[in-house]
Amino acid sequence: MPSFSMKSLSRYKAKSGVAGLWEEEHLFVEAVRQAHKRKIKNFIPITPYPVHGLEEAMEIPRSWIPWVTFVFGMSGCLFGLWFTWWTSAVDWPIIIGGKPMWSLPAFIPIIFELTILFAALSSIGALIYACGLPHIEPPVIDPALSSHKFGIFIPEEKNQTIKDIKPLIKELKPKDILETEF
C-alpha cells in the first residue's frame, strides 16, 4: 500500500547548490546585476522583503498574470451578459408593467460582480500556479534570510557541480558562502 505524505502533493523538489549571503541591500542588488550579466543560469535571489530595482537588475519581463486576469474578467462580463439575458428573456420571461424582457441597466450590478469575481479568482489561481505552490516545508538556507539578510542560490546541475559554482559565487563578493539545499 503506498504511503501518503503532504510532500508527495508538492511540486517543490529541493536541489543542492551554493548560496551567497549579503547583509546590505545595495550590494545584493549589484551582485544580482553582475550574476545576470555573467549569464549565470537559474540563480534564485532570496530577500526578506520586496527590493526596489531587483526586477530591473535581473531584466525580468512583465508578468503574464495580468493577461489571465483580463481574459477571465472579460469572460465573466460576457457570462454575466448572457446569463442575465437568458434568465430574464428565455428561461423565465415575465412582462411586468410593459417593461422589455431584458434591460441592460437593471443587470449592470450582476455583470460587474461576475467580471470582478472571474478576474479575482483567475488571478489567485494563476499566481498559485506561477509560484509553484504549495511549498510544503521548504528547506531553510539561513533563518536570517527572513529578517535582514539577502541571498543568491545557484543550484547544482548536470554540467555544473558545486566546485564549479563556488568560484562564481565568490566573484560576487558575498559575506558568507554556504553549500546547501533549496
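This is a predicted model: local features need pLDDT of at least 70, side-chain atom pairs count only at pLDDT 80 or more; totals for chains, interfaces and linings use all residues.
The buried residues of helix H4 pack against helix H3, which covers residues 65-91.

Let's look at H4 itself. Helix H4 covers residues 104-131, and its 28 residues should span 40 Å at 1.5 Å a residue; the C-alpha atoms at its ends are 39 Å apart, which agrees. Along the way H4 has a kink of about 25 degrees, centred on Ile110. Which residues of H4 are buried? They are Phe107, Ile111, Leu114, Ala119, Ser122, Ser123 and Ala126. After H4 comes Gly132, which has a positive phi, near 70 degrees.

Helix H3 has 27 residues, and the distance from its first C-alpha to its last is 36 Å, close to the 39 Å expected at 1.5 Å a residue. Its buried residues are Ile65, Val68, Gly73, Gly76, Gly80, Thr84 and Ser88. H4 is included in what covers these buried residues of H3.

**Aromatic rings**

The whole structure holds 11 aromatic pairs. One of them joins Trp67 and Phe70: this pair is edge-to-face, with 6.5 Å from centre to centre and 90 degrees between the planes. Trp67 and Phe70 are 3 residues apart in helix H3, so about one helical turn separates them. In general, residues three or four places apart in an α-helix point the same way, because the helix has 3.6 residues a turn. Is Trp67 buried or exposed? With a relative accessibility of 62%, Trp67 counts as exposed, because the cut-off for that class is over 50%.

A second pair is made by Trp102 and Phe107. Their ring centres are 6.3 Å apart and their planes stand at 15 degrees, so this pair is stacked; the cut-off for stacking is under 30 degrees. Trp102 is partly exposed, at a relative accessible area of 26%, whereas Phe107 is buried, at 18%.

Now for the strands. An open sheet is formed by 4 strands in the order E2-E3-E1-E4, with antiparallel pairing. Strand E2 (44-46) and strand E4 (176-181) stand at the edges and have a single partner strand each, so one side of each is left without a neighbour in the sheet. On average, neighbouring strands here are turned by 25 degrees against each other, direction ignored.

Strand E1 is mostly covered, with 6 of its 7 residues buried. How many bridges link E1 (residues 16-22) to E3 (residues 150-155)? These strands pair over 6 bridges in the antiparallel sense. E1 and E4 also pair in the antiparallel sense, over 6 bridges.

| Residue | Partner | Strand of partner |
|---|---|---|
| Trp22 | Phe150 | E3 |
| Leu21 | Asp176 | E4 |

Two helices go with this sheet. Helix H1 (residues 25-37) lies across E1, E2 and E3, and runs at about 25 degrees to E3. Helix H5 (residues 162-171) packs on the sheet and touches E1, E3 and E4, with a direction that makes about 15 degrees with that of E1.

**Two lysines with positive phi**

Lys39 is found in the loop between H1 and E2, and its phi is near 60 degrees, a positive value in a residue other than glycine. Lys39 is exposed, with a relative accessible area of 68%. What about the loop between H5 and E4? There you will find Lys173, which has a positive phi of about 60 degrees although it is not a glycine. Lys173 is exposed as well, with a relative accessible area of 68%.

Notes
Residues are numbered from 1 along each chain as its sequence is written. Side-chain values use heavy atoms; hydrogens and water are left out. The expected span of a helix is 1.5 Å times one less than its number of residues. The bend at a residue is the angle between axes fitted to the seven residues ending there and the seven starting there. Buried means under 20% relative accessible area, exposed over 50%, partly exposed in between (1.4 Å probe, protein chains only). Contact means heavy atoms within 4.5 Å. Two strands pair if DSSP finds at least two bridges between them. Axes are lines fitted to C-alpha atoms, for helices over the stretch in contact, and angles run from 0 to 180 degrees between N-to-C directions. Rings of Phe, Tyr and Trp (its six-membered ring) pair if their centres lie within 6.5 Å; planes under 30 degrees apart count as stacked, over 60 as edge-to-face and the rest as tilted.
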